[in-house]
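Colleague: Before we discuss this chain, could you show me the model, so that we can go through its overall form and then one of its sheets?

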Amino acid sequence: MRRAFLVNSDKCIGCRGCAMACKSFNQLEPERYWRNVYPLSKEIYPHEERAFFSLACNHCENPACLAACPVEAYTKRQDGIVVHDPERCIGCKNCIRSCPYGAPKFNEETQKAEKCSMCYERLDAGMNTACIDACPVGAISLIDLDETPHPDNTIQYPPGYPHLTQLNPGTRFIMPRLPGFPEEK
């Protein structure tokens, strides 16, 4: 099993409920976010209607953060979730510099890195991640990259997203439909 986020930009309304739920569950300070919601640029989605990407850690198959950490503060679980251990972290920022997706963040108060852990504690208890539960339109879900059949319109590298096959980021995307086009089944 390899768990991954599926971000459906066709459904996302940009409410940022996912980011706030992540912030609340992880007790992050007001200025820190592990999940962000970004509006798509006109070059990607050239219409008056707005479209968004909700982004957090990609839980890559070959994580740059894990490879760059000199103290093994990162581990990758059997289910593909990349977890950061703040107790081991020495605050060197190697993970932050090495991640092309900007997932690890530096906490100025603790002087350590931190990032999305896909709410593994909740998943282990049979619950959804906080971001999934908070989304009012179902724009974020979890898929198993090893087994789940994915919708035909699912892509790994949307326009503007770093195309790094050696890392093999887990997050998958459904792009927004163009106005006037029917919803795909």
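Colleague: What radius of gyration does the protein chain have, and why does it agree with a compact globule?

Modeller: This is a predicted model, in which local features need pLDDT of at least 70 and side-chain atom pairs count only at pLDDT 80 or more, while totals for chains, interfaces and linings use all residues. Residues are numbered from 1 along each chain as its sequence is written, and side-chain values use heavy atoms, without hydrogens and water. The globule rule, 2.2 Å times the number of residues to the power 0.38, with the radius taken over C-alpha atoms, puts a compact globule of 185 residues near 16 Å, and the protein chain agrees because its own value is 16 Å.

Colleague: What percentage of contacts in the protein chain with a separation of 6 or more comes from residues 24 or more positions apart?

Modeller: A contact here means heavy atoms within 4.5 Å. Among contacts with a separation of 6 or more, the share from residues 24 or more positions apart is 59%.

Colleague: In what order do the four strands of the open sheet lie?

Modeller: Strands are DSSP runs (E, at least two residues; numbered from the N terminus), and two of them pair if DSSP finds at least two bridges between them. The pairing in this open sheet is mixed, and the order is E8-E1-E10-E9.

Colleague: Which residue in E10 stands opposite leucine 6?

Modeller: Strand E1 (residues 3–8) runs parallel to strand E10 (residues 172–174), and three bridges join them. Opposite leucine 6, the residue in E10 is arginine 172.

Colleague: Which are the edge strands?

Modeller: Each edge strand pairs on one side only. They are strand E8 (140–144) and strand E9 (154–155).
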